[in-house]
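Please open the structure in a viewer and keep the sequence at hand.

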Amino acid sequence: MDEPTEYQEPTREVRQWAMFCHFSAFLGLVFPFGNLLGPLIVWQIKKDLDPFVDAQGKEALNFQITVALAVVLCFLLMLVVIGFPLLGLVSIGALVLTIIAGIKANEGQAYRYPFCWRLVK
């Protein structure tokens with residue numbers, strides 16, 4: 001039987017790239033679909049650096065896909081007025097959860113977003 005391998009704390013560089021995977025979603029504040037493109041680009045470039053970066057990049061991308069779908073739903077629901085407060089709620093929730101995820105990743109802790117549809121495996 002193989003002995004279990006010891007858990008290694010991610011290096012500073014690995015933790016920073018994992019954090020950048022999450023925080024790159026703020027590119028959505030600069031240009032359309034930046035919240036999807038930011039995590040996708042950082043993850044694709046740095047996923048081979050370490051399994052921690054790969055996992056956090058997938059998590060960030062999956063969450064931003066979920067947020068994008070929720071925003072589209074909110075726009076559709078604006079026809080019956082409920083979409084306006086829901087859009088505010090989704091935006092604040094995404095902002096807070098993205099900041100928490102980035103901080104946790106920088107501390108070396110794997111973060112899993114709640115309410116996330118995980119399409120990218």
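This is a predicted model: local features need pLDDT of at least 70, side-chain atom pairs count only at pLDDT 80 or more; totals for chains, interfaces and linings use all residues.

Which element gives the largest share of the lining of the largest pocket? The element is α3, with six residues.

**The whole chain.** Display the protein as a cartoon. The C-alpha atoms fill a box of roughly 60 × 30 × 20 Å along the principal axes. Of the 121 residues in the protein, 35% are buried.

**The annotated spans.** Next, select residues 17-41, 61-80 and 86-103, which an unreviewed UniProt entry records as "transmembrane region". Residues 86-103 are 100% helix and 0% strand, with 26 Å between the end C-alpha atoms.

**The largest pocket.** Select G28, N35, Q64, V67 and V71. Among the 19 residues that line the largest pocket, these are the closest to its centre. The volume of this pocket is about 490 Å³. Now colour α2 (34-46), α3 (51-77) and α4 (83-106), the elements that each give two or more residues to the lining. By residue type, the lining holds 14 nonpolar residues, five polar residues and no charged ones.

**Helix α2.** Keep α2 in view and hide the other helices. The helix has 13 residues and reaches 18 Å from its first C-alpha to its last, close to the 18 Å expected at 1.5 Å a residue. Which residues of α2 are buried? They are G34, N35, G38, P39, V42 and W43. These residues lie on the same side of α2, because they cover an arc of only 155° around the axis.

**The segment after α4.** Finally, select E107, which is placed in the segment after α4. Is E107 buried, exposed or partly exposed? Its relative accessibility is 42%, so E107 counts as partly exposed. E107 and P10 are 97 residues apart in sequence, yet their C-alpha atoms are 9.0 Å apart in space.

Definitions and conventions: Residues are numbered from 1 along each chain as its sequence is written. Side-chain values use heavy atoms; hydrogens and water are left out. UniProt positions are given in the numbering used here, feature names are shortened, and annotations may be inferred rather than shown by experiment. Helices (H or I, at least four residues) and strands (E, at least two) are DSSP runs, numbered from the N terminus. On a 1 Å grid over the protein atoms alone, a cavity is a set of points where a 1.4 Å probe fits but cannot get out, and a pocket is an open set with protein on both sides within 12 Å along at least five of seven lines; lining residues have an atom within 4 Å of a point. Grid points are joined across faces, edges and corners, and a volume is the space filled by probe spheres set on the points. Ala, Val, Leu, Ile, Met, Phe, Trp, Tyr, Cys and Pro count as nonpolar, Asp, Glu, Lys and Arg as charged, and the others, Gly among them, as polar. The expected span of a helix is 1.5 Å times one less than its number of residues. Buried means under 20% relative accessible area, exposed over 50%, partly exposed in between (1.4 Å probe, protein chains only). The arc is that of the directions from the helix axis to the C-beta atoms.
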